[in-house]
Amino acid sequence: MRRSILRDRAVYVVGIGLYPYQRPSETTYVTMGVTAIRASLLDAGIAWADVDSAFIGSGKIGMAGAPTLARFLGRTGLPVLQVESASASGSVAFRQAVLDVASGRCDVSVAAGVDEAKFPRDAESKAGVNGLADRYIDFPTMFALMADTFLRERGATVEQLAAVAVKNHRNGALNPFAQRQKRRTLEEVLAPPYVAGSLTRLQCTPVGEGSAAVVVVSEEGLVRFGIDPSRAVRVLSSAYQSVAPVSTVGGFVEADVTRRTANEAFEESGVSPGDLDVVELHDAFTVEEPVYLEAMGVCAEGKALSDLEAGALDIGGRVAVSPSGGLIAMGHPVGPTGVGQVCESVRQIRGEAGPRQHEGARTALVHMVGVGGVCAVHVLQSAQR
C-alpha cells in the first residue's frame, strides 16, 4: 500500500457547522449553505478571507452551485470546486479538502455539502444501456431484496431488523439538527405504510434538505490561528474506492466495496475496528446498518443484530453507531450527509454532544456509499494524546 500523506502532514478538523436537516421547503440552497459555512468558521475562529480552498458537495442543486454559494460569502479569489458523487458527495468534498491540506498546497480548507429536496434524473438512468430489471427495481426495492436475503441467511426476524430504526430514531430525538426528532416504538416502526417488501416508512431515510460544513487545517494552521488543540480532531485516514470486478460479500456489492474501503482506512490509520468509539454509516434503509457493520469488522459476521439487541451499539454501549440518528432519523439530504457525519463525530470526540454524548469517545469512523458503486471511509481521532 502507498504511504499515506496524512502521516507526513497532519490534518485537523477545527470547525463544524450545520443548517438543520428538514422537510422540503422554500429555503434556498444559498441560505442553507451560507449558514452552515459561517457556523463552521465561527466555531473554528477563522475568517472566510483566511480560507485557501473550498470543496462543496451536492447531488441536486445543479451547475455552478459551488461558486455561486462562495460568492455570497465574499469574493476572495480562492479556488472553489463543486463535487458530485451521489450520496457520497459530501464525503468526497471532505476528502478533497483533507488532501488539499495534507499535500501542503494550503493550510486552511472548507468542505461543505448542501442540497434542496429535488431529485433530477441521475446519470446512470441516462447511460443508454438498460438492464433487464431497470423498470422494476428502484432503491427501496433493491434494499428490500437485500433485507430479505440478509434475514433469511441470518435466520433473523423483521422485528430484529426494525430495532435498528428504533435505536436511530431514539438517537435522532436527541439531535436538534435531525429531520426526525421523535422516539419510536417497535410497533410504530413496523406499522404501515410499506415502502418495499418488509421495509416500512420509518425504516427508510426521509426526503429532505439541509447543509453541513467543516474547516480543516494543517499543524501550521493550528499554531497560526491559535486554535485550542483540545478541540482539534485529527483525520487519520481518507479512503475512497469503487466496486471491484468481483464483489461477493454476502452477495452484496455495497458490502464488498465497504469492506475493501474500510480495510484501506484501517491500514492507513493504524486503527482497528475494536478501537472505534463512534461509527456514523450509510443507513438509508435499516438493513444497511448490520450489513456494513459486519463488512467493516465492527461486528463479527452474523452478530450485528445480536449486538444491537444486547445494547452494544447504543450510546453508552461498546460502540455508538449513528448517535446522530443516522440517515434514518437525522436525514439524508444527499450533498451534506457525509459532511454532517463528520460534524457529529467531531462533536462526539470533543465531548460536546450533550444528551447523546458517548462517554470517552476518542476515535470515530464515518462511512458513505453512493450510486455508481462508490464508498468513502474516514477515521478521525482526538488530537489530545
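Let us start with one pair. Helix 5, residues 139-154, packs against helix 10, residues 288-296, at an angle of about 65°, and their axes are 10 Å apart. Helices here are DSSP runs of H or I with at least four residues, strands are runs of E with at least two, and both are numbered from the N terminus. Axes are lines fitted to C-alpha atoms, for helices over the stretch in contact, and angles run from 0 to 180 degrees between N-to-C directions. The crossing of helix 5 and helix 10 is left-handed, that is, the near helix is turned anticlockwise from the far one by less than a right angle.

Which residues make this contact? Helix 5 contributes Phe 143, Met 146, Phe 150 and Arg 154, while helix 10 contributes Glu 288, Pro 290, Val 291, Tyr 292 and Glu 294. Contact means heavy atoms within 4.5 Å. By class, the contact of helix 5 with helix 10 comprises six nonpolar, no polar and three charged residues. Ala, Val, Leu, Ile, Met, Phe, Trp, Tyr, Cys and Pro count as nonpolar, Asp, Glu, Lys and Arg as charged, and the others, Gly among them, as polar.

A word on provenance. This is a predicted model, in which local features need pLDDT of at least 70 and side-chain atom pairs count only at pLDDT 80 or more, whereas totals for chains, interfaces and linings use all residues. Residues are numbered from 1 along each chain as its sequence is written, and side-chain values use heavy atoms, with hydrogens and water left out.

The second pair is helix 4, residues 89-102, with helix 13; they pack at an angle of about 65°, with axes 5 Å apart. Gly 90, Ser 91 and Phe 94 of helix 4 meet Gly 338, Val 339, Gln 341 and Val 342 of helix 13. The contact of helix 4 with helix 13 has three nonpolar, four polar and no charged residues.

Is helix 13 mostly covered or mostly open? It is mostly covered, with 14 of its 14 residues buried, where buried means under 20% relative accessible area, exposed over 50%, and partly exposed in between, using a 1.4 Å probe and protein chains only. Gly 351, with a positive phi near 80°, follows helix 13.

Beyond its neighbours within four places in sequence, Val 214 is in contact with residues including Phe 94, Val 339 and Val 342.

Lys 167 lies in helix 6, residues 158-172. Lys 167 counts as buried because its relative accessible area is 1%. Among its contacts, leaving aside neighbours within four places in sequence, are Glu 289 and Asp 314.

Finally, some backbone details. The peptide bond from Pro 192 to Pro 193 is cis, with omega near 15°. Although not a glycine, Val 334 has a positive phi of about 85°, and this residue is found in the loop between helix 12 and helix 13.
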